[in-house]
Amino acid sequence: QVRLEESGGGLVQAGRSLRLACSASGNFDGINAMAWHRQAPGRQREMVAVQDKNGVTRYADSVKGRFTISRDNDKNILYLQMNNMAPEDTGVYYCFAKAFLFFGHDRIPEESDYWGQGTQVTVSS
């Protein structure tokens, strides 16, 4: 029911900044949480930053103080501002959303997880 489309990835020099964006579209009634994950070659995908429906945010220890997650709820766009980037930030960054859709006469919410296709971020030293 939800399509997530990332943008903003690319090549950046260490110490510089990038801002990723994720647009959510499709048939859904609400989004309970959105997050950014990343995966480097040969490594497990890891959570970078998450924001719940109340705006509460959490960050991986490795990005605290450098990355900021934010969301435009009206436009359903999730952002990740990445400052003071380092080579270890290199990887494919994925947008994640936990969205729900009301079903039936009782409007029971059915929640599902959705992933974007990912955008490559490469940080050079």
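Guide: Two residues are in contact when heavy atoms of theirs lie within 4.5 Å. By that rule, among the contacts in this chain between residues at least 6 apart in sequence, 56% join residues at least 24 apart. The model is predicted, so local features need pLDDT of at least 70 and side-chain atom pairs count only at pLDDT 80 or more, while totals for chains, interfaces and linings use all residues. Numbering runs from 1 along each chain as its sequence is written, and side-chain values use heavy atoms, with hydrogens and water left out.

Visitor: What share of the 125 residues is buried?

Guide: Buried means under 20% relative accessible area, exposed over 50%, and partly exposed in between (1.4 Å probe, protein chains only). Buried residues make up 42% of the chain.

Visitor: Which residues of the largest nonpolar core touch the most other members?

Guide: A nonpolar core is a set of buried Ala, Val, Leu, Ile, Met, Phe, Trp, Tyr and Cys residues joined through side-chain atoms within 4.5 Å. The largest one has 28 residues, of which Leu4, Trp36, Leu80, Met82 and Tyr93 touch the most other members. Strands that each supply at least two residues of this core include S1 (2-7), S3 (18-26), S4 (30-39) and S9 (91-103). Beyond its neighbours within four places in sequence, Tyr93 is in contact with residues including Glu6, Trp36, Leu80, Met82 and Val121.

Visitor: Is Asp89 buried or exposed?

Guide: Asp89 counts as buried, at 0% relative accessibility. It sits in the loop between S8 and S9. Apart from neighbours within four places in sequence, Asp89 contacts Arg38, Arg66, Phe67, Val121 and Val123.

Visitor: What is the phi of Asn76?

Guide: Most residues other than glycine have a negative phi. Asn76 has a positive phi of about 55° although it is not a glycine. This residue lies in the loop between S7 (67-72) and S8 (77-82) and is buried, with a relative accessible area of 19%. Not counting residues up to four places away in sequence, Asn76 touches Cys22, Ser23, Ala24, Phe28, Ile31 and Arg71. Arg107, likewise not a glycine, has a positive phi of about 50°; its place is in the loop between S9 and S10 (108-115).

Visitor: Where is Gly55 found?

Guide: Gly55 is in the loop between S5 and S6 (57-59). With a relative accessible area of 39%, Gly55 is partly exposed. Gly55 and Ala86 are 31 residues apart in sequence and, C-alpha to C-alpha, 27 Å apart in space.

Definitions and conventions. Helix = DSSP H or I, 4+ residues; strand = E, 2+ residues; numbered from the N terminus.
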